[in-house]
Amino acid sequence: MSEKLYQIVSEVFNVELNKINDNTSPENLEEWDSFNFYVLLDQIENKFNIKFDLDETLEIKKIGDFKKLFEKYGINT
Amino acid sequence: MKNEENLAYFLNEAKSIKAQNFEKKLQIALLGSFTLNGFEETIRVKCNQQKIECRTYVSDYNQYNQDILKKDSKFYQFKPELTFLILDVRHILGELYFHPYSTPVLERKELVATKVNEITNLIKTIIKYSNSRVILTDLQVPTYSPYGISEQNEEFGVKQIVREINTKIRSENKDESLLSILDFNEFIQKYGEENIFSYKQFFSGDMKISIEYIPKFVDEMMRFVNAVVGITKKCIVLDLDNTLWGGIIGEDGFDNIKLGDDPIGRSFVEFQKRLLALNQRGIILAINSKNNFDDAIKVINEHPNMILRENNFGCIKINWNDKVTNLHEIASELNIGLDSFVFFDDDPINREFVKNQLNQVIVVDLPSDSAKFAHVLTEMNVFESLMITEEDAKRKDMYLGQRKRVEFENKIGDFNKFLKQMNIQVLIKKADSFSIPRISQLTLKTNQFNLTTKRYQQDQISSFSDDKNKIVESAQVSDKFGDNGITGVYIVEKKDTEWIIDTFLLSCRIIGRGVEDIMLSQLIERARKENVKKIKGKFIPTIKNKPAENFYKEFGFKEEGDFWIFDTEQTIKKPEHIKMIKNE
């Protein structure tokens, strides 16, 4: 599941897969900007077939935070 | 959704577009009342795919008013040629969007007039300061009213307010030839409000079109871009077996192909009906099929459920040649460029072959399910034109006439004999309200036999025709196979002792029959009668106008500096096989 998540992140931000890990965040990835974060969110929601609540999306500070949300929504990671 | 269709793809592609020197160029401005992130990137990628070199300007967040009203704004410095003004209903109505009935009905009525004036003023200002074409998105009609089902009893309810604003903007600006409307409500009808709008994205970043649907919205914008730069495909080339009917005529036979009476057959009938409608508005249809001619033409002529008949096709190639050879022949017989073609074929191998050999042809990725054919066709945005003239609708008949002319020419053999038997007539007429749209269209679209390639909008042609010192005339050509419509234009500037030819052009399908010579010779005769000594004209070379290169020289003009000059005392070359009628 990590693999699928990282794959989406790598595609949206157009960076190599091996640069992505749970600690990837706007601080250490310059390709991550405020608008393409929404694009990422939209892609993850579509590909995993879930819809996050607005407040949940505001809590996402790094890629690993998506995994916590997956757990909450019963998606195995 | 395929990856090439999602916004992430466009955002990333946009970063890697290299500066290209395409022939088609366009300055596009996006002015919006909400965040337009992603729109600009997508439009640049799509333009690049269509070989349009596009530069863009995006107004800062909600700064469209300042951009438009200040004559020295960055927007005007950018020199836009196409401006999208994308306004949204929440922004325009403000609080009234939520509480329409807190305001008395009279004030609500006045509000409609005020908003219509404001928006009209914005449009007129853009046009006045920049001469850019403006594409306005109309306002989204709300699907919710606090009055619920009783909203319909309410005078000037919120839905009616929005509908009235949309209608009035259209009606009050209908004479503004530089304004077009992008029907936003149609866009929503197509994809659904629940899909195209996301509250979460709206609250997060003032996005009024959801991320997933931004590329779809840009597709609608591209219809206008294509029309403005003149990417209007002229001809659809069709395979027959499993494309126009189900099955293979050579194997299944006349009685067993699927056309009409079963679910599969209905899908082909639907596809043909959509094609027929495009044909009726002027898109040429042609056949490119590997088949025994007699088997296939029998279906076209005699099958009871066939919608398209032999006369709907401007060119028919049913033979055992490969698809590329046939496409070359179709292009040469119709006398249009391969870049005007859209190619439909169910066979992926044929499609790959054509794609590889002729990259200027649009090869449609036809799905294997024929139920999708009609939809694939109606979703295409390459047949757009900002205005369809009467000539466009007549064009299909002209190409049918053209096909018959070629058959006649082949039968007669000798070209001069052929010309004599064609009974060509040329009607020369001063520009009037009927012909002005067509004259403008010809100056915009004619590339080959065009001596100066000056492009003129309708309002320019109309002011030239009012000018006593200018001659603006058109030539309408007909022969024994039918009317070719208005196909020639010249614009002449009259000075005391000389006339200067500003524009002289002839539609490519008429070249080579002496029409250009009769147009010029009668013009010179007229100059001679009015005691004008000299006729002058320039030839301005472009990539495409080689066919006109030697026109002045062969007519007897002498080169002097930039100009070609004809002394009106000289004898005039005048084709004998053409009858000229002058209608003033």
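1. Helices and strands are here DSSP runs, numbered from the N terminus; a helix has at least four residues and a strand at least two. On this basis Arg513(B) falls in the loop of chain B between strand β15 (498–506) and helix α22 (515–529). The structure is a predicted model, and the points below should be read accordingly.

2. Is Arg513(B) buried or exposed? Its relative accessibility is 7%, and buried means under 20%, so Arg513(B) counts as buried.

3. The buried residues in α20(B) are Ile436(B), Pro437(B), Arg438(B), Ile439(B), Ser440(B), Gln441(B), Leu442(B) and Thr443(B).

4. Which elements do the buried residues of α20(B) pack against? Two are helices of chain B, α18 (390–412) and α21 (458–466). The others are the strands β12 (449–450), β13 (470–479), β14 (482–494) and β15. Strand β15 is also the element at one end of the loop that holds Arg513(B).

5. Ile349(B) belongs to helix α16 of chain B, residues 348–357. Its relative accessible area is 64%, and the cut-off for exposed is over 50%, so Ile349(B) is exposed. Between Ile349(B) and Asn447(B) there are 98 residues in sequence and 33 Å in space, C-alpha to C-alpha.

6. Chain B as a whole contains 23 helices and 19 strands. Its radius of gyration is 27 Å, close to the 25 Å that the globule rule gives for 584 residues; chain B is therefore as compact as a globular protein of that length. The C-alpha trace of chain B spans about 80 × 70 × 50 Å along its principal axes.

7. How is chain B divided into domains? Domain 1 runs over 3–229, domain 2 over 235–378 and domain 3 over 418–583. The centres of domain 1 and domain 3 of chain B, taken over C-alpha atoms, are separated by 42 Å.

8. Of the 584 residues in chain B, 53% are buried. When contacts in chain B between residues at least 6 apart in sequence are considered, 72% join residues at least 24 apart. The accessible surface of chain B is about 27100 Å², and carbon and sulfur atoms account for 47% of it. Chain B carries 82 positive and 87 negative side chains, with the centres of the two sets 4 Å apart.

9. Chain A has 4 helices and 0 strands, in the order α-α-α-α along the sequence. The radius of gyration of chain A is 11 Å, close to the 11 Å from the globule rule for 77 residues, so chain A is as compact as a globular protein of that length. Its C-alpha trace spans about 30 × 25 × 20 Å along the principal axes.

10. In chain A, 48% of the 77 residues are buried. Among its contacts between residues at least 6 apart in sequence, 52% join residues at least 24 apart. Chain A exposes about 4200 Å², of which carbon and sulfur atoms supply 45%. Its side chains include 9 positive and 16 negative ones, and the centres of these two sets lie 3 Å apart.

Methods
Residues numbered from 1 in each chain as written. Chains lettered and ligands numbered in written order. Heavy atoms only, no water. Rg over C-alpha atoms; globule rule 2.2 N^0.38 Å. Buried < 20%, exposed > 50% of the residue type's maximum accessible area, 1.4 Å probe, protein only. Contact = heavy atoms within 4.5 Å. Areas by Shrake-Rupley, 256 points an atom, 1.4 Å probe, with all protein chains shown as cover. Lys, Arg positive; Asp, Glu negative; His and termini not counted. Charge placed at Lys NZ, Arg CZ, Asp CG, Glu CD. Domains from an automatic or database assignment.
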